[in-house]
Amino acid sequence: MSTPSPRLSRRQLLALGGGVASGLTLAACGTGSGGGGSDPTGGGASGSGTLELWANAGVAGDSDSGLQRAVRAWGEANGVTVNVQGIPTQDLVPKLTTTSSGGSGPDVAIVDVSSVPQLAAAQVLADVTDKADAVTGDFGDELLASSSYDGGLFGLPYTTNNVGLFYNRELLDGAGIAVPTTWQELRDAAIELTGGDQYGYMMGAQGYGAFLFWPWLWQNGGTILSEDLTTATFADDLGQEAFAFYSGLVLEDKVMPPEFVGANASWDQYVAPFVQGRCAMMATGPWGTAPIEEGNPDLDWAVAPLPAGTGSASILGGTTISVGHNSTQSDLAWELVSWLTATEQMPYIQDTGNIPGRRDVIDSEWTAEDPVRQTFVEQMEVARARPALPIWGDIEWGVMANMWDAVIQGQQAPADALAAAAEETNQKLSS
Amino acid sequence: MATITTERPRTTPEQAAHARKQRVRRQRLAPILYIGPAFLAIALIIGYPVFNAIGTSFLNASLLAPGQDTFAGLDNFTALFGDPTFWLVMGRTLTWAGAALIVQVGLGLVIANTLNKRLFARGAVRTTLIVPWVVPTVLVALIWRFLLDPVSGPINGLLRDTGLWENPPVWLADTRFVLPVLVLISAWKWTPFTAVILLAGMQQIPPEQHEAAMMDGANAWQRFRNVTVPGIRTSLALVTLTTISGAINNFNGIWLFTRGGPVGATEILTTMAYRTAFIEFDFGRAAAISVIIFVMMMAVAVVYFYVVEGRKGDKR
Amino acid sequence: MSIVDETLPARRKSPTRPRRRERRYASPGAHAVAVLLLLGTLLPFAWMVLSSFKTPQELNGVDKSLFPSGLYLGNYEKIADTNFFTYFANSVIVAAATTTIALLLAILAGYGFARFTFIGNRGMLLIVVAAQMFPAVMLAIPLFITVKTLGLLDSLVGLILVYVSFALPFCIWLMRNYFMAVPVETEEAAFIDGCSRFRALWQVVLPPALPGVMAAAVFTIIQVWEEFLYANTFIDTDAKRTLSVGLNSLIGEFTTDWGRLLAAGVLVMIPVLAIFGYLQRYVTQIAGGGVKG
């Protein structure tokens, strides 16, 4: 085929030009609609009754999610347009830091508690210590601690969660196994329940595996860092003992579905074997409920407290709602934040199945209505926050995640890997 | 614009000479008029950020301490060069680019050579083979995640059911396989582009050359080797440039699948730069990595310019 | 337009065409290779289409079956809950505007590089080409500041401006190569007719280089279609997201409606196939300018 040198006729060119012109008009329209977004100072609020609220896509939900309905109600009552933007979790922190270092960003942000210290240090979130003075009594101390950094409060607890033991009742009952309450019982049960295409217990890979290790460490009396946050202590004798148990489930007992090494990108992947009924037990938080109820309504399952070691412990998670550091309307933004976290608005959160961070809700009868919820609320007493370090994300999802993958891929012995990770953490802490 | 004038009437020699002088003067201004707008757009939008990023590479700049940047000299670079992980990642980046080059050019040659023949329904075949190129990487990642799913994916399902591999690996999480798998997926998306350029090169070869070779008794392979390949040298150089620079600068093709994991098995310089910037928040170091990538790309581009463009220039 | 036809060397090649047309189809071997390539290309898409008709239980592995049990349309119905069609329209608008502006500027600049000898011509060209090679990851923050200064954050116009700048280098380079292949005599003839250089460019030099314009257009469209990082950084409002960002925003940390995502993927492919089915004949000409020795 010698190229037939296609030449556009003048008519075609004109048509093309016309299309482009209309495209530009459309583009112009596109920028105008969408509320306060056309604000020339960009990103942030315009001072004309518009607030930008960013949250991860799960919290933001679609237009009739609890958060969006709540925000609409507030907006209508106050004559303010609130634009809620849902951003995938893995993009939320980069996007917040990029926009903030560029001098803009949202007026209100709802972020994962584990990223509060880094977002506080990076001046993404505003220090609301003074503003929040009147309402801090409404929240538990551990929850406030997880919204704090360096002595300042950088938001209010929005939702809270922790990790419990999900188990498949049918599989456990079928094998005549009681719900495990100790490490040894968990291990025995997991081994007993593994066979054929059925597995006893689920683990995560990368950061998921690292995240889920902390409760076992605490249960054994270990700590992640020294109290002054300068030295890693997770590889001391207590830590090594806990890690030997944790990694032993993988390396010696082999009670995980083989695909667990790929559960590294979302909780969906982690929960899947349990939802499929192939895996008898897993440790996860309230977010594990929805995929089970939607994905396999027939599954007979329940949640128990995590099996205990020398003590009980779980890991504290959840979200914090705060004012953006660069917001030009921080007072209005704070009004929305305090309104959203007030008692009257709790049903908006409760409807989503999440547990609000307020004491009065946690202590109310609502928690007792649902056994799953009650288990998580009871566990709150032993749930601990991770260290309030700006570089925490790097330690958990970098150092520890790599360490864990090296262990489950058989590249490094668990004890050596943990010791090396502690050393690397010390380096990061001192630099 | 002054230059858009309608036809001038035929003029006297004096007037013509004057006009020529004017044209010469305009000639000096002309490059600015023609190149200026585009250059301005590039300088305005790309120029400042590039210089800013290069500048940042000489700073201690952490997003965790906004506004407290200090001059670091070459510290970011020496720290990188002294870090064995950096060299590991550098090596992997070169492996990644080399593998991309081999697979994409090899497969691209096969596709282009096939499309250059008189195939049944060639237009439809050509359209189809180009499609992966126009699929956004976000969608490519979605499609391949499903195909490679260890439990419900058809690839592992097939391997199990046929008994070829009883316990097939978790492709995207196995340090032994993940990098080759990503090379193949990325080739699936980008080879059509390579093939298109090679095909265009093949179409520049006069059919007479093939016919002459055929009369000399050359078989298909000999014709491909002795007529086609020499005839598409410039296309080959172009796809070498675009494939290498595309692979070195590829970010989505890795990040959307593995984020550089597991255990750093798919970490290349761009993902390392991203991780350093947005997870470790060390902007100075991340900028230094970017500058190193930039220098590598420049080297590739300069070699290309002198090999291909230089030769072309001589001919003119 | 008569000048074009007389001076275009490509036209003179035309006598070879009828002879080639007489040839029979290629060997069965070549067709076998083509079938293999087609399968490798199509099967992944086929799997996406098949999976998009699976029920949630079939997708999450609760019901074990490789193929969907029936024609479940729930995934497609759920797309209505998203801004998917807006994302799509945004991508089309941004791609069309970017391509037009980039091409207009690139035609001028490409012509300038091809026809004028001035000091630093090649060096400047190298800078132009190199500029786009800086890793995008690192440019996000300073570029964000630039776009903010221009007051174009969270607007498609800002995105178009950025995309134009990043598309320009390749387009300029492509157009330059095409213009260099057009003989200088072409426009000199036009000058004698009293045509200004600017007019000669559009009326005489451009027509033979139109394949290059189409090729540059295709390349730009794909680049814009693909881009993720900047679109994700500069656009906040959901209703202004482009397709890549919009699709990605449907993926969550906790639960993702994979069925809905697959259905959206299938819908994306339909217009893409239609547009590129039409454009594919120009696509092979991308290299024309870059390749002509």
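Residues 157-179 of chain C are 100% helix and 0% strand, and their end C-alpha atoms lie 30 Å apart. Bear in mind that this is a predicted model. That span is one of those listed for chain C as "transmembrane region" in an unreviewed UniProt entry. The record also gives 29-50, 92-113, 125-145, 200-225 and 258-279. I checked another of them, residues 29-50 of chain C: there the chain is again 100% helix and 0% strand, with 30 Å between the end C-alpha atoms.

Now chain C as a whole. How many helices and how many strands does chain C have? There are 17 helices and 0 strands. The chain has 293 residues, and 56% of them are buried. Take the contacts in chain C between residues at least 6 apart in sequence: 77% of those join residues at least 24 apart.

You will find C:S249 in helix α15, residues 243-249 of chain C. Is C:S249 buried or exposed? C:S249 counts as buried because it has 22 C-beta neighbours inside 10 Å, and the cut-off for buried is 20 or more. Which residues does C:S249 touch, once its neighbours within four places in sequence are left aside? From chain A, the contacts are A:A57, A:G86, A:I87 and A:P88; from chain C, there is C:R241. For a distance along the chain, compare C:S249 with C:L262: they are 13 residues apart in sequence, and 14 Å separate their C-alpha atoms in space.

Next, chain B and its partners. With chain C, 81 residues of chain B are in contact with 83 residues of chain C. Helix α1 of chain B, residues 13-56, gives the most to the chain B side, with 16 residues. By class, that side of chain B has 56 nonpolar, 19 polar and 6 charged residues. With chain A, 19 residues of chain B are in contact with 28 residues of chain A. The chain B side of that contact divides into 13 nonpolar, 5 polar and 1 charged.

Chain B itself is assigned two domains: domain 1 is 13-56 and domain 2 is 75-315. Their C-alpha centres lie 36 Å apart.

On to chain A. The assignment gives domain 1 as 50-161 plus 317-384, and domain 2 as 164-315 plus 391-430. Taken over C-alpha atoms, the centres of these two domains of chain A are separated by 27 Å. Across the boundary, 18 residues of domain 1 are in contact with 16 residues of domain 2. Which elements of chain A each supply at least two residues of the domain 1 side? They are α5 (116-121), α18 (371-379) and β14 (383-384). The largest share, 6 residues, comes from α18(A). Sorted by class, the domain 1 side has 7 nonpolar, 9 polar and 2 charged residues.

Last, some strands of chain A. Start with β3(A), residues 108-112, which is mostly covered, with 4 of its 5 residues buried. What does β3(A) pair with? On one hand, strand β1 of chain A, residues 50-56, pairs with β3(A) in the parallel sense over 3 bridges. There A:A55 stands opposite A:I110. On the other hand, β3(A) and strand β12 of chain A, residues 317-323, run antiparallel and are joined by 5 bridges. A:D112 stands opposite A:T319 in β12(A).

From β12(A) we get to β6(A), residues 156-161. Of the 6 residues in β6(A), 6 are buried. β6(A) pairs with β12(A) in the antiparallel sense, over 5 bridges, and A:P157 stands opposite A:T320. β6(A) is also joined by 2 bridges to strand β13 of chain A, residues 355-356, again antiparallel. In that pair, A:T159 stands opposite A:P356.

To put the strands in order, then: β1(A) pairs with β3(A), β3(A) with β12(A), β12(A) with β6(A), and β6(A) with β13(A). That is what I have on this model.

Definitions and conventions: Residues are numbered from 1 along each chain as its sequence is written. Chains are lettered from A and ligands numbered from 1 in the order in which they are written. This is a predicted model: local features need pLDDT of at least 70, side-chain atom pairs count only at pLDDT 80 or more; totals for chains, interfaces and linings use all residues. Two residues are in contact if their C-beta atoms, placed from the backbone, lie within 7 Å. Ala, Val, Leu, Ile, Met, Phe, Trp, Tyr, Cys and Pro count as nonpolar, Asp, Glu, Lys and Arg as charged, and the others, Gly among them, as polar. A residue is buried if 20 or more other C-beta atoms lie within 10 Å of its own, exposed if 12 or fewer, and partly exposed in between; C-beta atoms are placed from the backbone. UniProt positions are given in the numbering used here, feature names are shortened, and annotations may be inferred rather than shown by experiment. Two strands pair if DSSP finds at least two bridges between them. Domain bounds come from an automatic or database domain assignment.
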